[in-house]
Each structure stands twice: as C-alpha cells, then as structure tokens.
Amino acid sequence: MSGFFSRFKKSGGGEPRRLPPGQSLTEKFPVFHYGSVPRVDLAEWDFRVFGLVEEDARWTWEEFSRLPRRKVVLDIHCVTHWTKLDTEWEGVFVRDLVEEGIIKPKPEAKYVIQHCENDFTENLPIDLVMADNFLLATRYAGEPLTLEHGYPLRGVTGSFPDRSEEKTVYLWKGGKWLRGLEFRERDRPGFWEGGGYHNEADPWKEQRFSRQF
Ligand SMILES: Nc1nc2c(c(=O)[nH]1)N[C@H]1C(S)=C(S)[C@@H](COP(=O)(O)O)O[C@H]1N2
Ligand SMILES: [Mo]
C-alpha cells in the first residue's frame, strides 16, 4: 500500500495531486481515435512548419531524425476517464527548436495547429506547445510508436509526475500521425473541439466538453 501511495508525491501546496477529478488509473494503454489507422511510408513522409514563422520548413523523415531530441516522463489523461502514470516518451521539443533557432515563430504567433494525416487537426496555445510537457514523440517506452498510437510521430501532452503547477491538457490535444505545425495569430478549433470537446481541456478543472451532446 505504501508503494502505491508513495507514487502520489506532494506538490507545492502539500496536497498530493496526480489523479485529476473523474479519472481512474489504468496500467494499459488504450487506443482511441476517429477513423482508421493511416498507412505511413517513411520515404514519402514529410513534416512541415508553416504559418507565422520567419521561414517555412519541410523536413524528410531523415532530416526530422537529426533534430535535437530528449526524453520526458509524463502522466497522461484521457477524456474517456483513464489516466496512465509515468509514461516515457522520446522525441523533439518545440521549445528546443525555437531556442536553437531551428524554428523562428513570429511575435504575432499565439496558437499552434497540429496537422495530422487525413486532415485531422488539434489546436493549442503556443505557450503550451513550447512547454516541457508537450513533445513531438517518435518513441514510447523505449520503442518506436506503434501504428495505432501514432507511428511515426505524434504530439503528446500530460502532467509531470513530481509537480502539478504546469498547465496540463487532456491527451486528445496530442495529434497522432502528425505531419506538421502551423503557427497562427488566431485560434482555430481542432477536430475534437469542433465536435464539442472543451477548447481549454484542463483535466484538473475537468474541462471535458464545451456543451452537452
Ligand atoms: N490523428 C488523430 N490523433 C488523435 C486522435 C484522433 O482521432 N486522430 N484522437 C485523440 C484522442 S481523443 C485521444 S484520447 C488520444 C488517444 O491516444 P492513444 O490512442 O495513443 O491512447 O489521441 C488523440 N489524437
Ligand atoms: Mo480522447
């Protein structure tokens, strides 16, 4: 029992905060998406950065693989009420690309749209995309992503196991089969937001839906 509870470390205020309201822990990694799993050919794959950036970019898989990368451990929260603790991801952080001058967002850029296969999109404010709890992940738990979890590249967002002050959003804000980032001045609802999911998606505030279905 102590082992279980010791995983819920105290955050600044002294209260343990790892399981957002209305969530249950799972050891599994459920798969959830709309539509079918796209077939991706790495030889044809590219990744585009466009919109309000000083220079557009288009990277092949090989070029993308040479970008700076690092690892992070996150607790991920699905709007369908499961939370998975201590998930290990590896990939590219937008923050690193900006700090190294590889991407130069214009000052007017306030939002970032993830563009995925089959015209699927997800939207986030730029500060959340630049945070250390958002990455463009190529690997999960030491292995390349599986097809159904977004191979070869997906957005991932979650909360830090050891601190919970950072703004977090539900996992639906991480687009699987990611193909590009668009920097914009104005927000534009993504696929799930268009279907009634909450635009802000903060699991601690239980921002699941913006209206009743
Ligand atoms: N391309 C794409 N990405 C997507 C979705 C989708 O329908 N298409 N669904 C989102 C939702 S609602 C969730 S909960 C997570 C699920 O990720 P998982 O299947 O790896 O658990 O993917 C998100 N990313
Ligand atoms: Mo979801």
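This section describes the confidence, packing and selected side-chain contacts of a predicted protein model. Residues are numbered from 1 along each chain as its sequence is written, with chains lettered from A and ligands numbered from 1 in the order in which they are written. In this predicted model, local features need pLDDT of at least 70 and side-chain atom pairs count only at pLDDT 80 or more, while totals for chains, interfaces and linings use all residues; side-chain values use heavy atoms, with hydrogens and water left out.

The protein chain has a mean pLDDT (the predictor's confidence in each residue, from 0 to 100) of 93, and 91% of its residues reach 70 or more. Over residues 1-7 the pLDDT is below 50, and this stretch has five contacts (heavy atoms within 4.5 Å) beyond near neighbours in sequence.

The largest nonpolar core contains 34 residues, and Phe47, Val49, Trp59, Phe64, Leu136 and Phe183 have the most contacts inside it. A nonpolar core is here a set of buried Ala, Val, Leu, Ile, Met, Phe, Trp, Tyr and Cys residues joined through side-chain atoms within 4.5 Å; buried denotes under 20% relative accessible area, exposed over 50%, and partly exposed in between (1.4 Å probe, protein chains only). Among the elements giving two or more residues to this core are strand S2 (46-51), strand S3 (57-60), helix H3 (94-99) and strand S11 (178-184). Helices (H or I, at least four residues) and strands (E, at least two) are DSSP runs, numbered from the N terminus. A second, separate core of 14 residues includes Phe29, Trp82, Phe93 and Phe160. Outside the four places on either side in sequence, Trp59 touches residues including Phe47, Val49, Phe64 and Leu97.

Across the whole structure, 19 aromatic pairs are found. Rings of Phe, Tyr and Trp (its six-membered ring) pair if their centres lie within 6.5 Å, and planes under 30 degrees apart count as stacked, over 60 as edge-to-face and the rest as tilted. Phe191 and Trp192 form an edge-to-face pair, at 5.0 Å centre to centre and 85° between the planes. Phe191 is partly exposed, at 32% relative accessible area, whereas Trp192 is buried at 17%. Both rings belong to a cluster linked by ring pairs, which also includes Phe32, Tyr34 and Phe120. Charged groups also lie over rings (NZ of Lys or CZ of Arg within 6 Å of the ring centre and within 35 degrees of the ring normal): Arg48 is 4.4 Å from the ring centre of Phe50, and the charged end of Arg163 is 3.9 Å from that of Phe160.

Gln23, in the loop between helix H1 (2-6) and strand S1 (24-25), is buried at 7% relative accessibility. Its side chain forms a polar contact of 3.0 Å with the side chain of Arg208, and one of its polar side-chain atoms lies 3.1 Å from the backbone oxygen of Cys78. A polar contact is a pair of N or O atoms within 3.5 Å; within protein, one must be able to donate a hydrogen and the other to accept it, and residues adjacent in sequence count only if both atoms are side-chain atoms.

Lys84, in strand S5 (residues 82-92), is likewise buried, at 9% relative accessibility. Its side chain reaches two backbone oxygens, that of Glu27 at 2.6 Å and that of Lys28 at 3.4 Å. Tyr140, which lies in strand S8, is among the residues touched by Lys84.
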